[in-house]
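Please look over the sequence and the model below before reading on. The paragraphs that follow go from the whole chain to single residues.

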Amino acid sequence: QARPVESGGGSVTSGGSLRLSCLFSGFTDGYCLGWFRQAPGKEREGVALFDRFGRPNTASSVKGRFTISQDNAANTLYLQMNGLIPEDTGMYYCAARARVDACDVLDPRRYPHWGQGTQVTVVS
């Protein structure tokens with residue numbers, strides 16, 4: 001089965017910006033979609049998602065700096081990351097799961113379909 005495909009990672013200095021993209025053409029109907037990340041030595045955590053009603057849910061650690069958006073025509077989910085800090089360093093993943101609830105919980109344990117990840121590195 002197809003997986004989400006992430007791109008757009010890279011290395012930036014503190015205060016810089018990146019925009020990540022996730023192609024989700026294999027999960028266009030009846031799925032929840034979200035962004036997650038995992039820093040070295042830490043647990044995977046939720047970053048941002050759209051709930052069932054199209055409302056963004058953003059983790060407190062990135063609120064005000066990261067913005068999730070979507071281009072349905074292009075089957076693409078985006079994560080605009082501004083004001084990056086070293087703590088944002090990690091592997092960023094796009095993930096999908098079957099929509100059986102409100103899609104409003106940033107819990108990676110609920111997501112079975114994962115992209116390969118794209119690395120984000122922020123240096124001082």
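In what order do the elements of the chain run from the N terminus on? The order is β-β-β-β-β-β-β-β-β-β-β, and the secondary structure comes to 0 helices and 11 strands. Helices (H or I, at least four residues) and strands (E, at least two) are DSSP runs, numbered from the N terminus. The model is predicted, so local features need pLDDT of at least 70 and side-chain atom pairs count only at pLDDT 80 or more, while totals for chains, interfaces and linings use all residues. Residues are numbered from 1 along each chain as its sequence is written, and side-chain values use heavy atoms, with hydrogens and water left out.

The overall dimensions come next. Along the principal axes, the C-alpha atoms of the chain fill a box of roughly 40 × 25 × 25 Å.

Of the 124 residues in the chain, 43% are buried. Buried means under 20% relative accessible area, exposed over 50%, and partly exposed in between (1.4 Å probe, protein chains only). The accessible surface of the chain comes to about 6,400 Å², and carbon and sulfur atoms hold 47% of that surface. Accessible areas come from the Shrake-Rupley method with a 1.4 Å probe; for residues, only the protein chains shown count as cover.

Contacts tell how the sequence is brought together. Among the contacts in the chain with a separation of 6 or more, 64% are between residues 24 or more positions apart. Contact here means heavy atoms within 4.5 Å. As for charge, the chain has 13 positive and 11 negative charges, and their mean positions are 1 Å apart. Lys and Arg count as positive and Asp and Glu as negative, with His and the chain ends not counted; the place of a charge is taken as NZ of Lys, CZ of Arg, CG of Asp or CD of Glu.

Now to the interior. In soluble globular proteins, nonpolar side chains tend to be buried together. The largest nonpolar core of this chain has 24 residues. A nonpolar core is a set of buried Ala, Val, Leu, Ile, Met, Phe, Trp, Tyr and Cys residues joined through side-chain atoms within 4.5 Å. Trp35, Val47, Phe66, Leu77, Leu79, Met81 and Tyr92 have the most contacts inside the largest core. Two or more residues of this core come from each of strands S3 (18-23), S4 (31-38), S5 (45-50), S7 (66-71), S8 (76-81), S9 (90-98) and S11 (118-123). Apart from this core lies another, of 8 residues, including Cys32, Phe36, Tyr111 and Trp114.

Several residues show these contacts in detail. Ser21 counts as buried because its relative accessibility is 16%. With neighbours within four places in sequence left aside, Ser21 is in contact with Val5, Glu6, Ser7, Trp35, Thr76, Leu77 and Tyr78.

Leu33 is found in strand S4 and counts as buried at 9% relative accessibility. Leaving aside neighbours within four places in sequence, its contacts include Phe24, Phe27, Leu49, Leu77 and Tyr111. Leu33 and Arg97 are 64 residues apart in sequence, with 6.9 Å in space from C-alpha to C-alpha.

Ala48 belongs to strand S5 and is buried, at 1% relative accessibility. Beyond four places in sequence, Ala48 is in contact with residues including Gly34, Trp35, Asn57, Ile68 and Leu106. Between Ala48 and Asp29 there are 19 Å, C-alpha to C-alpha, at 19 residues apart in sequence.

The loops remain. Asn75 lies in the loop between S7 and S8 and is partly exposed, with a relative accessible area of 24%. Although Asn75 is not a glycine, its phi is positive, about 50 degrees. Cys103 also has a positive phi, near 60 degrees, and is a residue other than glycine. Cys103 lies in the loop between S9 and strand S10 (113-114), where Cys103 is buried with a relative accessible area of 1%.
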